[in-house]
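Subject: Structure handover

Hello,

Here is the structure we talked about. Please open it first, then read my notes below.

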Amino acid sequence: MKIAGLDIGSRTVKLVVMDGSKILLAKKVLNSHDPLNTVFTLLDGASYDYMVATGYGRHLINEVFSCTIISEIKAFALGSRAVYPSCRAVLDIGGQDTKAIHINEKGKIVKFEMNDKCAAGTGRFLEIMAHALNYSNIDEFSKAACTATKAQTINNMCTVFAESEVISLISRGAKREEVALGIHRAIVSRTLRLLNRVAPSGDVVFAGGVALNECARKLISEELKRPVFVPPDPQIIGAYGAALYGQNKR
Amino acid sequence: MSGYNQMWSELGLDLEAHDALLSVLGDSYHNIFMTQKNRPEGMKYFDFVMSEVHGLRIKELMDAKTQGKKVIGLYCVFVPEELIIAVDGISVGLCAGAEFNFEGAEQILPRNLCALIKSAFGFKLGRVCPYIEACDLVVGENTCDGKKKAYEVLSPYVKDLYVVDLPQTKSNAGKMLLKEEYLKFIAKLEEISGKKITYENLRKGIDIVNAKRKAVLRLAELRKSNPIPISGLDSLLINQVFFYDDPVRFTNSVNALCDELVERIKRGEGVFPEGTVRVIVSGCPMAVPNWKVPYIVETSGAAIVGEESCVGERGTRWLTETKGSTVEDLVENITDRYFKIDCAIFTPNHSRLEHIKEMFERYNAKGLIHYNLQFCQPYIIESGHFETDLKNSNIPTLRLETDYSQEDIGQLKTRVEAFIERIKG
């Protein structure tokens with residue numbers, strides 16, 4: 001039986017198709033103003049018998065496709081534990097949400113928390129800051145931050161205020177890469193406060209789109225005094241978890 | 001509804017804004033309540049009350065006023081309805097449950113203030129709450145900092161505002177203060193009504209309010225059954241109507257509904273599919289029409305089986321004793337009763353935590369959702385150490401912090417669904 005796991009995030013849509021323990025297909029596309037159409041594009045040519053959907057668009061999909069839905073929290077917990085069995089904490093920084101999940105030795109979710117309703121400290125925040133600093137993409141922004149030897153302090157976590165703060169730092173002559181590092185530091189420290197409150201001990205899986213960011217990865221590994229594992233493709237962990245859920249259900 | 005236009009304009013309402021409000025309310029009531037499956041017949045009474053909440057009920061108040069009765073508006077369960085009934089007055093809860101005219105409220109209040117307070121001002125300044133306009137007296141109370149300072153600001157906008165002071169500790173001195181305040185409040189009520197409080201009329205007030213409490217406690221008791229005979233949304237609605245309706249008629253309607261539920265239980269009939277998880281909601285009060293979180297919870301695979309809230313068991317669980325033979329004795333009984341309310345303005349507030357644990361057991365719940373209104377410091381702070389304590393008692397807790405806006409529904413739904421998955425195991 002072929003099981004599809006679909007994770008409809010705010011910025012990207014991810015698909016994993018599995019047969020038994022084998023991953024037949026894993027792919028992702030950027031989301032658009034029309035998430036349903038994005039999903040159709042992604043599913044084009046994929047064959048599966050049963051689908052489990054997660055992510056912020058899960059209810060939308062549920063109205064159109066016959067599928068089971070689970071929350072992102074559950075999907076990331078399942079996916080993370082499958083790629084890294086000793087994991088007790090999951091940190092997922094996505095496009096608009098940051099989640100910290102504490103799981104016990106049996107894989108059960110003990111506690112979880114998410115960021116507040118704004119985009120502070122999420123992937124979208126980084127994108128907007130990269131743009132404010134005139135970097136052409138996140139990769140360039142992250143690499144530049146890694147080269148800085150010192151960081152400018154960013155006080156505002158509100159996306160709108162932080163953007164003004166960045167602009168005023170630049171206009172006062174601060175080095176662009178130092179501001180870039182400051183921005184990464186700010187979101188990492190905010191995120192780790194959340195993680196340490198929810199899951200204060202145990203091995204960590206760092207997933208979601210922001211786990212692709214080299215500087216965020218480096219800072220998180222440095223500052224957390226415990227093992228941090230970043231999956232080979234950290235973005236598909238939710239879709240993978242959804243597919244695993246479908247497998248166990250069937 | 002237009003049949004009431006004359007009454008509404010005489011009350012000074014902004015008819016256009018009021019029509020808009022009623023239309024939004026009507027739609028959301030329909031979407032939230034009328035789409036529920038297999039509702040008890042007895043809910044039709046409450047549907048009717050809600051459809052006439054700004055109409056027929058206000059007409060009743062206006063008619064009562066022409067007979068010399070006083071209408072007394074309040075915002076809190078610390079204001080004893082027994083005393084109001086004793087002077088032949090009518091007690092009404094005032095509107096504070098919707099995001100209406102916040103821009104108006106924010107001109108005289110800070111933006112970062114709890115939605116309940118801003119809503120009360122939004123309704124008043126926007127001239128869309130016929131209750132407050134019908135009031136002969138508005139009673140405030142010194143609960144949280146937000147409310148007590150806001151009453152200073154509200155004062156010039158209402159005809160007569162009276163503020164009851166409240167203690168903050170469950171000490172002897174605290175209790176003496178509360179009794180003093182109730183005696184002063186009696187003097188105020190006697191002054192505005194021209195009626196003296198006697199043993200007989202106060203005893204009648206106590207009996208009427210006790211009967212009302214007994215009816216909602218009976219309803220609460222029936223929610224222990226499996227399958228659950230009534231939804232949490234409908235039960236919350238009844239607890240909200242508690243504050244508006246004629247008390248005797250309300251009591252009879254709740255009892256009639258309970259008779260029906262007893263029959264349902266005998267037949268093994270419920271309102272939720274099998275496997276629906278039972279949860280308790282605890283925390284800040286939910287005033288009409290604040291149904292956001294219960295709606296999310298009950299459309300995500302869980303059923304609410306109890307509310308540890310002022311609009312719920314915290315407000316109704318104690319009866320007023322009737323021992324003694326003088327007004328002084330009855331005032332003492334009233335003070336004893338209200339002094340037990342475990343509002344988060346008290347420090348420490350152990351009994352509230354014990355009540356949460358007791359409710360969790362009694363209603364055979366699987367999880368607790370702690371509902372916080374943003375900027376409500378007393379409840380938000382309590383929810384932190386309560387969560388730690390509840391964890392040690394193996395009570396899974398989800399803390400939600402929100403306001404009256406609709407913009408965070410997606411995020412709340414994700415948290416609630418994940419919590420339900422977690423407690424389902």
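First, a term: two strands pair if DSSP finds at least two bridges between them. Strands (E, at least two residues) and helices (H or I, at least four) are DSSP runs, numbered from the N terminus.

Now the ground rules. This is a predicted model, in which local features need pLDDT of at least 70 and side-chain atom pairs count only at pLDDT 80 or more, while totals for chains, interfaces and linings use all residues. Residues are numbered from 1 along each chain as its sequence is written, and chains are lettered from A and ligands numbered from 1 in the order in which they are written.

Chain B overall

Chain B has 19 helices and eight strands. Its C-alpha trace spans about 60 × 50 × 45 Å along the principal axes.

Of the 425 residues of chain B, 51% count as buried. Buried means that 20 or more other C-beta atoms lie within 10 Å of the residue's own; exposed means 12 or fewer, partly exposed is in between, and C-beta atoms are placed from the backbone. Take the contacts in chain B with a separation of 6 or more: 75% of them come from residues 24 or more positions apart. A contact here means C-beta atoms, placed from the backbone, within 7 Å.

The sheet in chain B

Four strands of chain B form an open, parallel sheet in the order 2-1-3-4. Strand 2 (90-93) and strand 4 (161-164) of chain B are at the edges; each has a single partner strand, so one side of each lacks a neighbour in the sheet. Strand 1 (residues 71-74) of chain B runs parallel to strand 2 of chain B, and four bridges join them. B:Leu74 is opposite B:Gly93 of strand 2.

Most residues other than glycine have a negative phi, and most peptide bonds are trans. Here are some exceptions.

- The bond from B:Asn226 to B:Pro227 is cis, with omega near -5°. B:Pro227 is in the loop between helix 11 (199-222) and helix 12 (232-241) of chain B.
- The bond from B:Val288 to B:Pro289 is cis, with omega near -5°. B:Pro289 is in the loop between strand 5 (277-283) and helix 14 (292-298) of chain B.
- B:Asp88 has a positive phi, near 65°. It lies in the loop between helix 5 (81-86) and strand 2 of chain B. B:Asp88 counts as partly exposed because it has 18 C-beta neighbours inside 10 Å.
- B:Asn394 has a positive phi of about 55°. It lies in the loop between helix 18 (377-392) and strand 8 (397-402) of chain B. With 7 other C-beta atoms within 10 Å, B:Asn394 is exposed.

Where the chains meet

10 residues of chain B are in contact with 10 residues of chain A. On the chain B side, six are charged, three polar and one nonpolar. Ala, Val, Leu, Ile, Met, Phe, Trp, Tyr, Cys and Pro count as nonpolar, Asp, Glu, Lys and Arg as charged, and the others, Gly among them, as polar.

Best wishes

Terms used. Contact = placed C-beta atoms within 7 Å.
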